[in-house]
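This note sets out points for a colleague examining the structure shown below. They are numbered and may be read in order.

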Amino acid sequence: MVTTIRWMSGAAMHSALGSLAAAVMFGMTATAQGAGELNLYNWGDYINPELLKKFEAEYDVKVNLDTYGTNEEMLAKIQAGATGYDIVFPSVHMHDIMHKLGLLWESRINEHPDFKNIEPGFIRAKTDPEGSWCLPYAWGTVGIVYNKTIVPEITGWDDFFAIPDQFGGKITMLDDLRETLGVGLIMNGHSVNSRDRAEIEQARDYILARKDKISAFTYDVLPLVQSGDIAAAHWYVGAMYTVFEDPERMAYVVPKEGATMYQEDICILASAPNKENARLFMEFYLKPENPVLNVEQQMNGTPNAPAREMLPEKFKTHPGMNPSDEVMAKLQIFEDLGADLKLYDRAWTQVRTQ
Amino acid sequence: MATALARKRLRLAGLLSPISVVLGVFFLAPLSILLVYAFLEPGLYGGVEWNFYHHNFGRILGWADGEYEVFDPVYLAIFARSFRLALTTVVITLLLCYPAAMWVSSLPDRLKSFFLFLITLPFFASLVVRLFAWILILKPTGWINETLLALGAIAQPFDMLYTEGAVVLGMVYVFVPFMFLPLYANLEKLDRSLLEASRDLGAGGLRTFLRVTLPLSVPGMVGGSIIVFIPSLGNFIVPDLLGGAKVLMIGNLVEQQFLQARNWPFGSALAWMVMAAVLIFLLVYVSVVNRADALQER
């Protein structure tokens, strides 16, 4: 249940419009289907458009792209019977859910010779231990982006929450119940997948105790961090594009106390009209030069080992994108909680009300 | 005779059927789905389980389902806040629009159309874009703060963005046209001869306003208030963008249930509670307007 609305690039205004449109047009028509077509249903701004053009040119297939803002939104639409989509990009736990619901098609992509490019550690879905259904797509961290002209350096959550008192700057966190309560869980030494009421209440109290220091729960904050109106924000590694754009002012750090990470997989739907083209797209994405194109624009990580070697030097060395092994070991990924999600829902409502 | 009546009835049914179909398909049907969902068990991954489930409405009042929750009237607090903010919006838009509408209705016809055009002008741009413009205005380095700082009126940037005040400001901004138009329609068709009669009978300007204009404009005020109150109560974009999601309103709660908590039945129950509140307000409106009409006829 990562309800991350993940806008990896582009202006905040653009992304807010996209998410709003996605939220409002819940039942928009699926794209047309045909022989030489491939219909992708992906997160907004979560694939390099150049990549789609390249695939179109190489395979003479027309690619259509439709976008969503949350895993739930995508699931609701597929469950409601939306047809015409070939490929979706669920987070790992949603991959599991969709598998259980019988919505996926077994691609046997792991039988392709290039599948060796994928690091085994990224085959995470419990329902797909061999990687024969879906292909790991991309991963990233959820950390802190900050403006160095206000805060010289921060290393973790304690520094982050001290900013309003120490530097007079403002901080924001994500408007996402699991991400933000997750920080409370991490800081109390619990798993971000805790199902224990007492632990979740402890996390709630941790955030509540700092609520008057937190200016807002929002995604639309990168331009405000760049302009210095907000000193630091809980955000995705995609914020790195502002860091490369403006290295004097902007910085991104994976908190030393621990943080969450996300990973999405490329899955072919059982209802896909163009399964062969969809499988071709998976094979295309196994070739290292293609994930490289994506990483250069999206700033996130790839499970494709040779692709990582081919990345430009700045991507391979920047600490924001290459956390130390010690920090990497502390990264946690969300699992589906089933009905226990109610505990988080109530705690989050309390955080936002009190 | 009987066939004529039957034909008349048939014609009436024929004339009413387009609006009935529109209301049925786009209003009653979704509303019924919502009502049924409000009494069902939430599905584990969104959607519903077709079992009767009575906890959704109880949960709003704070009753615990005994499994995941303990008693906590958190949802009532959100309802109370939403009502307070929506009523504040109504009062402010009314105070702003009444004098403006009076003034515009007293202008020559050509100017009237021009000002009506100005009032509707904001609708030409997307709401989200306009609210983002407010973020740029209200932020610490926005032009209000920059101007005040430059003038030396304040030493520190004034905190405006992500406050309850910003939410009210945003809602007033969004809903001003909805208050203005019904008020204007009412004041514009006000019988001028009544005002002259009041003057002739020796009443001053203030007394004429209080005893003639104001009572006659009650339907416009109530109509405008209803049209502003209802969407303010369910608004979730303004609290999200200008309130930084810290000022939670019912609309945000409903959104959270559908898009984050995967609890469609509870979201439906919440939406129905809003609907009930709106219905009560509409009944009040009808009774007030009826009384005003009776007053006029006397």
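Predicted model: local features only at pLDDT ≥ 70, side-chain atom pairs only at ≥ 80, totals over all residues.

1. The contact between the two chains draws on 26 residues of chain B and 36 residues of chain A, two residues being in contact if their C-beta atoms, placed from the backbone, lie within 7 Å. On the side of chain B that touches chain A, helix 3 (74-105), helix 5 (127-138) and helix 12 (250-259) of chain B each supply at least two residues. Helices (H or I, at least four residues) and strands (E, at least two) are DSSP runs numbered from the N terminus.

2. Residues are numbered from 1 along each chain as its sequence is written, and chains are lettered from A and ligands numbered from 1 in the order in which they are written.

3. Chain A contains 15 helices and 10 strands. Its C-alpha trace spans about 60 × 45 × 35 Å along the principal axes.

4. Strand 4 (135-147) of chain A is mostly covered, with 13 of its 13 residues buried. Strands pair if DSSP finds at least two bridges between them. Strand 4 of chain A pairs in the antiparallel sense with strand 9 of chain A over 7 bridges, and A:Trp139 stands opposite A:Gln263 in strand 9. Antiparallel pairing also joins strand 4 of chain A to strand 7 (residues 232-236) of chain A over 5 bridges, where A:Val142 has A:Tyr236 as its bridge partner. With strand 8 (residues 250-253) of chain A, strand 4 of chain A forms 4 bridges, again antiparallel; A:Ile144 stands opposite A:Val253 there.

5. The buried residues of helix 10 of chain A include A:Phe281, A:Met282 and A:Tyr285. Among the elements covering the buried residues of this helix are strand 4 (135-147), strand 9 (259-268) and helix 11 (289-298) of chain A.

6. In chain B, B:Ala271 lies in helix 13 (residues 264-297). B:Ala271 is buried because 22 other C-beta atoms lie within 10 Å. Leaving aside neighbours within four places in sequence, B:Ala271 is in contact with B:Leu34 and B:Val254.

Notes: Buried ≥ 20, exposed ≤ 12 C-beta atoms within 10 Å, placed from the backbone.
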